[in-house]
Amino acid sequence: MFSAIQPTSTWYLILAAVLFGIGAFGVMVRRNPLVMFMCIELMLNAVNLTFVTLATALSNINGQVVVFFVMVVAAAEVVVGLGIIVAIMRRRNGITADDLSALKG
Amino acid sequence: MELFVFVVAAAMVLGGAIGVITRSNPVHAALSLVLTLFGIAVMFVSHDAQFLAAVQVIVYAGAIVVLFLFVIMLLGVDRTEDVNIEPITVQRPLALIVSVGVIGIIIAAVVTSREVLGRKVGGLDETTMSSPDANIRQLAREIFGNNVFAFELTSVLLLVAVIGTVLMARRVKSSGVGK
Amino acid sequence: MLDLVWLVPALPLTGFLLIVLFGRKLGDPFAGVLATTMTAASFVVVAGIYFELLSLPSEERKHVVTLFSWIPVGGLQVDMALLADPLSITMALFVTGIGALIHLYAIGYMHGDAKFPKFFMYLNLFIFSMLMLVMGENLLVTFLGWEGVGACSYFLISFWHTRDSAAAAGKKAFVTNRVGDWGMLVAMFMAFAAVGTLSYEGINHAAESGSLAAVTATGIAMMLFVGACGKSAQLPLFIWLPDAMEGPTPVSALIHAATMVTSGVFLLTRMAPVLHAAYPWSSDVIATVGALTALFAATIAVAQTDIKKVLAYSTVSQLGFMFLAIGSGAYVAAIFHMVTHAFFKALLFMGSGSVIHGMHHEQDMRRMGALRKVMPITAITFIIGWLAIAGVPPFSGFWSKDEILLYAFANNRFLYFIGVLAALLTAFYMTRQVIMVFFGEARWNDHAEENGAHGDHTPHESPWTMTAPLVVLSGLAITGGVMQLPFSKETHWLEHWLEPVVHHSEANIKGTWAYDNKWLLLGLAVIIATAGIAASIAVYAKGKFKAVEPQLLADAWRYDSSISAFVGGPGRKAFDAVAAFDAHIVDGAVVGVGTEVRAASGLLRKVQSGLVRSYAAIIGIGAVLVLAWFLLRGVL
């Protein structure tokens, strides 16, 4: 009987929105830089899901093309970001995001 | 059937997301991320985006999360972070407002336009979904047809990112080098 | 030839530039020869232009050569243009002519000076500036020359700048001139605001046609007069001229006798239509100031002992006569006197320079005497100059002074009387000078040892480079009166020559008592001159009466010291108050703004906590707001 209800694109879009919100919350609340980075990956995945859903909903393959490129760029971003984190955190152990406050005015 | 797949995949996704933001041990958080990524991959498949699902698993879950784990181990930051205390008192309410606001606005936008968007999920196009490699074909035609320049640029981007990171993260022998 | 009028200032300018570049290589005397040649060549060109103008009918004697457009800014269109008309060519003739003679004289006078080329560099620059002044087609080109001659005057007065008194005199001259320059600037502003152009053609045409309101004309005229007072050393701005005698004698002869100081007279004559369109009291002001200056300076000259100071005050006095003429509407007489004065005053100054040179730089007349025996040429030429300035016929000074007094009588009897008194004193103190220097007992040996002289210090005659110009000028001083003889209409050559420039504004005294009885007044002038000379001879040569030379007059009525006292005392207090106001209130306001901004930014600074997460939170809130706007944009 559940087969009568079909998940529409709207459901996927709402799920992606929720995932995005959870990721945003995580970036602001977590202090460990690596975990903050993971939350950013959550947000990126939410966006990817949105694009794929819309590609199907609008019958346009370009949504998936965008996702392809987003994945490539995300990979590059992770590489660079982790490099930065390694470079910063190698010096001092137990660093949290709150300790990097050199921009204090 | 699709409903069942959707519910399971959604549970994976949301469960993994909650895990990422709540687990104090970074390794546990990384594994929760893997759960989310798998859920997303399943959802890609249900949208007939098989290629992307494969890439998702290989690149995201297979490479990126592994990278994360490497760095965690390298830097020894598996020390847990105390999630109960929050030094900036206003931060949590503020974050709550932001995330609820974002979710709410997007849901409002999506719901408003559900006539346009709310189609039955089931692949892109009946005619093009005839052959098993339809998705790859279409995708390849788009990427290497209209977007070949962007494609080349992203490869350059990857190269630049790799070189830059190698330079940045190496241990320099002389003293007094800045971050 | 008329189109070559630009050559006239260009030649001395070239001389200046050549000496700037090669002066040290040229040295003594070739730098001087170059400068003299340039000025003499300029004179030749001017003479050529003069003859060409003569060949034209009277109404057409006006040629403008525009070199380039100097200031084309909106409503203000000023060209670098030169005007060749009777007035400017008359001025240019004697500026370049006497200038060339003085250059020649200076070769001899400045021989042996370490800065010989520099002197001629400044002299040529001066001639250039003066020519721009007199040949300018508009007020701005004239002002360029005006400022230029002021600057050159400063350079040349303080030429021997290692002497404190010379440096101070240069500064005094420049500052006093500046006060006058303010007047000229204000006059230019008013003229531009009223007429919309600065060219003489435009302004004078507006004045003649009556489109220039009398109020504006009076304002312009009075402001120009302030400028003229500064440049031509009238009351109250005359104090720089006696101090300017610190400069070498050729400078005194050229600048402070013949040329620069006549700029004020020239300017007022050039703007004669404006003076004519002004209220009548403005001319009275000019005449009164001129007459009073003439008398005032003459009284001071009576008591001076420095040979050059006598001549300096005499110059101030004679300039007063010229302004008296202008105020009485006698522009032709003013120009006439300007030219004859240039001849005999330059002659007198150069003669005194020759005396100083021969006396080994002794300038005190009390230590001279009987110099006619050892310096005959100097003595004879000096005597000719003396007779000219005293107003003895048939020398040139007599005719010009008589013309001025005639017009003064027709205008205002009281001012005539003051002029007569000044003329009497002129004859008196000049005779006194001649007697003290050239006649009487030779006093140069008295107290000579005490004054540091050594060896054979008998005075000697000067070289030919110095005496030749003296001879030329004495010839001109004798014959110069021919320009404007009062015998008949035909002999009024200068008046006919200058007619296109001043005909509108020249006072018409036909039919006045003065005009009808001009021979009576002429005879009176002769009597006055003779009386002055006789009185002086009686006092100084024959010793019949005691010489009256009060200290008050020698101190120039203590004019300088009273100004210093005023500026030092109440003046200083006022300046200090203004300075305090500036420091505390004006600066305080500016600093206060800074302090306020600092306090505000101190508060704002707290937003920058440096914590990445709070930045992320704020970015998030911003993003939410933007999204909300996008969403609601379609709804609202």
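This is a predicted model: local features need pLDDT of at least 70, side-chain atom pairs count only at pLDDT 80 or more; totals for chains, interfaces and linings use all residues.
Residues are numbered from 1 along each chain as its sequence is written, and chains are lettered from A and ligands numbered from 1 in the order in which they are written. Local features need pLDDT of at least 70, side-chain atom pairs count only at pLDDT 80 or more, and totals for chains, interfaces and linings use all residues, while side-chain values use heavy atoms, with hydrogens and water left out.

Chain A contains three helices and zero strands (DSSP runs, numbered from the N terminus: H or I of at least four residues for helices, E of at least two for strands), in the sequence pattern α-α-α. Of the 105 residues in chain A, 62% are buried (under 20% relative accessible area with a 1.4 Å probe, protein chains only; exposed is over 50%, and partly exposed lies in between). Among the contacts in chain A (heavy atoms within 4.5 Å) with a separation of 6 or more, 60% join residues 24 or more positions apart. Chain A has an accessible surface of about 3,700 Å², and carbon and sulfur atoms account for 70% of that surface (Shrake-Rupley method, 1.4 Å probe).

For chain B, the mean pLDDT (the predictor's confidence in each residue, from 0 to 100) is 85, and 86% of the residues score at least 70. Among the elements of chain B, the highest mean pLDDT, 94, belongs to helix H2 (residues 26-46), and the lowest, 76, to helix H5 (residues 114-117).

Beyond its neighbours within four places in sequence, C:Ser199 contacts C:Glu137 and C:Asn138.
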